Amino acid sequence: MKDKLIIGGHEFNSRFILGSGKFSLDMTDAVIQNGGVEMATIAVRRANKNGEANIIDFMPKGITLLPNTSGARSAEEAVRIARLARELGCGNFIKVEVIRDSKYLMPDNYETLRATEALAKEGFIVMPYMYPDLNVARDLVSSGAAAVMPLGAPIGSNKGLLTKAFIEMLIDEIELPVIVDAGIGKPSQACEAMEIGCAAVMANTAIATAKDVALMATAFKLAIESGRAAYLAGLGRVLERRGEASSPLTGFLGEIL
Amino acid sequence: MMKANSKMKITQKMKTDPMSYLSNMEKIESDVFEKVLSMVSNYDAEQYKAHDVAYALSKDRLDPSDFAALLSPAAKPYLEEMAQKSKTLTHKHFGNSVQLFTPLYISNYCENHCVYCGFNCKNKIKRGKLSLEEIRIELKTISETGLKEILLLTGESRQKSDIQYIGEAIKIAKTYFSTIGIEIYPLNSDEYRYLHECGADFVSVYQETYNLEKYESVHLSGPKRVFPYRFHAQERALMGGMYGVSFGALLGLDDFRKDAFATGMHAYWIQRKYPSAEIAFSLPRIRPYINHEEKQTHGVGEVELFQVMLAYKLFMPYAGITISTRENAHFRDHTVGVCATKISAGVVVGVGGHVEEVKGDEQFEISDPRSVAEIHSMILLKGLQPVYSNHIALGGFNTGDDR
């Protein structure tokens, strides 16, 4: 069965997007291999071209880089960081992160929208990190986003899908891949996100803070695949959402039907 | 004769009111000063008991009273628990990352008479200032160690190290480093803006003590004597567009628990007012053996220092903590990754000294002379990740559309 994730015209077999900011660089390769990861974020601010501990040097060949604009506090700053990413040879994907809050690191939807619009015009494949607000998500679509990346819970909190009801609205209404980014703390939560129809899951802290980082990457891979299969199989159709055995409200029509 | 004369001068200067601004000092509208000082005046470390500490440790979101409890003597038996929680929080917020940097002193001229400081203007030490060419050579040499973050320091002399000079030093630094911090005398917001445009993004100003009476008694003369101007420096820096600010009290100068509480509350209120600002702490301390016996109550040993670091981390887990070379390798190695998130390496605290002999004497003695490569290896051995670059300077003069 062909079940590809398509973002901005690019096809991916893996639905596990790896955030790379929190674990040791020498673990990168093992995590990517074990997780079957095809796309990984890098913070442009961590790039240290020709220097020590350059995060880009640790990315295996063939991986699609998703540079992020972390550190940007406005749309203008995000645009400048995105251009730097391009100059560094990171390709056309860009994850827009605009954060004006050093405590909770909550994304600023308004600035994110402005940055998305500007970067899409410059030919970037824009994946905005956002607070799951349906109206903003619709605006992101019309601004040229290639996916939307709502947070499941505060970043690094490992609390899972606290925003589930709102993410479900995006899944139902938005024609783009909805990728949960931030808050996923356990494989079971990643699985849940996939079951409800997210196109992919991004995780970092959950893996970086595990006792066995590489093994946890495997666990996430399996959970994401499992959740995806469950979604495709039609979760809960028989068990929950519809009455099965009888038709108590329309049975009286039997003689007519 | 001379001696008597200078004594008289000091006595006269002691009469200046530490709350009065000098004419060139900018006054800003801010309630942070009142908020912090009123909380500090009500802080009594002795009122907290074991159950307050246990309660604070049971919470995810700490408020100022929890922070106060963690700083109290009652928290001492809970140090291990605090450290465990701190390590988890540090990992959660910073991952395995430990940032590396080094300071460069470009001048040690000073106009202040601070009785505890080796740089003070009455102290007969070798004074010096690097020329711009010397700065360039020093910075180039430092950059060859792989470092991408530099902290430029001066003594506090507007005459000998003026804003233009510091600005030029920053512009040179920008060609070698991605992250530039400054630790200089407090400025007005437009001056901070100028230095930000030159390429500096981070500002460290240490209040030394938040106890006005004590502050007055140890800052005998010079602009530093003006207490509120120094207090508002971080806020003026942020108004000038700086990206992050660092806070610190010279622990041991006065009641260290009170000063640590004040430092945390200062950072807390600034963060609330400027939510995008990156907040960091440094913890310089006066070594207990320097103090005389009557000051024993103020003594800050490694246990107390560690307690303060942990309390900062538990209260504001997203804030960075820098561990100084004033501390020894053993202490630094055991705090990094548990609460400290940033560590200096290859440190020289004289003026210059990375290439040629130092041009001026040092402010204090360092206890950890390890090179960048040695600190790098230590961090790796601890299973952590040395990080050289973690910031993009966006505030330079070429802020316009550069395409």
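Analyst: A salt bridge here is a side-chain nitrogen of Lys or Arg within 4 Å of a carboxyl oxygen of Asp or Glu. By that rule, Glu156(B), Glu208(B), Lys224(B) and Arg230(B) are linked in a network. The model is predicted. Over all chains, it holds 28 salt bridges.

Take chain A. Asp3(A) pairs with Arg228(A), and their closest N and O atoms are 2.8 Å apart. Asp3(A) sits in the segment before strand E1 (5–7), while Arg228(A) belongs to helix H8 (residues 213–233), so the bridge ties together parts that are 225 residues apart in sequence. Asp3(A) is partly exposed, at 21% relative accessible area. Arg228(A) is buried, at 13%. The cut-off for buried is under 20%.

Chain A also has a bridge between Glu97(A) and Lys95(A), with N to O at 3.1 Å. Glu97(A) is buried, with a relative accessibility of 9%. Lys95(A) is buried too, at 3%.

Now chain B. Asp333(B) and Arg370(B) form a salt bridge, 2.8 Å from N to O. Asp333(B) lies in helix H14 (residues 329–335). Arg370(B) lies in the loop between strand E10 (342–344) and helix H15 (372–381), so this pair joins parts that are 37 residues apart in sequence. Both Asp333(B) and Arg370(B) are buried.

Notes:
Residues are numbered from 1 along each chain as its sequence is written. Chains are lettered from A and ligands numbered from 1 in the order in which they are written. This is a predicted model: local features need pLDDT of at least 70, side-chain atom pairs count only at pLDDT 80 or more; totals for chains, interfaces and linings use all residues. Side-chain values use heavy atoms; hydrogens and water are left out. Helices (H or I, at least four residues) and strands (E, at least two) are DSSP runs, numbered from the N terminus. Buried means under 20% relative accessible area, exposed over 50%, partly exposed in between (1.4 Å probe, protein chains only).
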